[in-house]
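This briefing goes through a pocket, a helix pair and the salt bridges of one model. Please keep the sequence and the structure in view while reading.

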Amino acid sequence: MDIKRDIGSRADIENFLLAFYEKVKTDEHIGIIFTKIVPINWAHHIPIITDFWESILLGNPVYKKNAMEVHFQLNKIFPLKEKHFNSWLHIFNDTINALYEGPVTELAKKRAASIAALMLYKMTSPEINKI
């Protein structure tokens, strides 16, 4: 039995994200978003999303953008549904569980679940989408 270590550095987060996005790209529900709808420049995207997770997991406030705004723009051209967030969260949890374990890893999964739920609500709420 392999003993996994916890997420403890930016390099750990980047390692996780690289593995995560490799799975995302081929997912039947959300892969198209990253490959066809909004073709991602991975060399540009990975450092930004690593900043995001480093800020919320390691308390290093390096992320300065508005993650919600990017998703609102995406939602206008490709409406995001519950199945998209469920796929994202499933891949997130499977990937992180394969690589790490510990308190920061558990925090990552809790934050990911909260983010998915909040984004689902905001992307599908008629009141919010009138803005």
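The points below are grouped by topic and refer to a predicted model. The largest pocket has a volume of about 780 Å³, and five salt bridges are counted. Helices H5 and H6 pack with their axes 10 Å apart.

**Largest pocket**
- The lining of the largest pocket is made up of 30 residues.
- Nearest the centre of this pocket lie Tyr21, Phe34, His45, Val70 and His71.
- At least two lining residues come from each of H2 (31-37), H3 (42-58), H4 (67-77), H5 (82-99) and H6 (103-124).
- Sorted by class, the lining holds 23 nonpolar residues, six polar residues and one charged residue.

**Packing of H5 and H6**
- The angle between H5 and H6 is about 170°; angles over 145 degrees count as roughly antiparallel, so H5 is roughly antiparallel to H6.
- On the H5 side, the contact is made by Glu82, Phe85, Trp88, Leu89, Phe92, Asn93, Ile96 and Asn97.
- On the H6 side, the contributors are Thr105, Ala108, Lys109, Ala112, Ala113, Ala116, Met119, Leu120 and Met123.
- The residues of this contact divide into twelve nonpolar, three polar and two charged.

**Salt bridges**
- One of the five salt bridges joins the side chains of Arg10 and Asp51, with an N to O distance of 2.7 Å.
- Arg10 belongs to helix H1 (residues 10-25) and Asp51 to helix H3, so this pair ties together parts that are 41 residues apart in sequence.
- Helix H3, which carries Asp51, is also among the helices that supply at least two residues of the lining of the largest pocket.

Definitions and conventions: Residues numbered from 1 in each chain as written. Predicted model: local features only at pLDDT ≥ 70, side-chain atom pairs only at ≥ 80, totals over all residues. Heavy atoms only, no water. 1 Å grid on protein atoms, 1.4 Å probe; cavity = no way out; pocket = protein on both sides within 12 Å on 5 of 7 lines; lining within 4 Å. Points joined across faces, edges and corners; volume = space filled by probe spheres on them. Helix = DSSP H or I, 4+ residues; strand = E, 2+ residues; numbered from the N terminus. Nonpolar A, V, L, I, M, F, W, Y, C, P; charged D, E, K, R; others polar. Axes fitted to C-alpha atoms, helices over the stretch in contact; angles between N-to-C directions. Parallel < 35°, antiparallel > 145°, perpendicular 65-115°, else oblique. Contact = heavy atoms within 4.5 Å. Salt bridge = Lys/Arg side-chain N within 4 Å of Asp/Glu carboxyl O.
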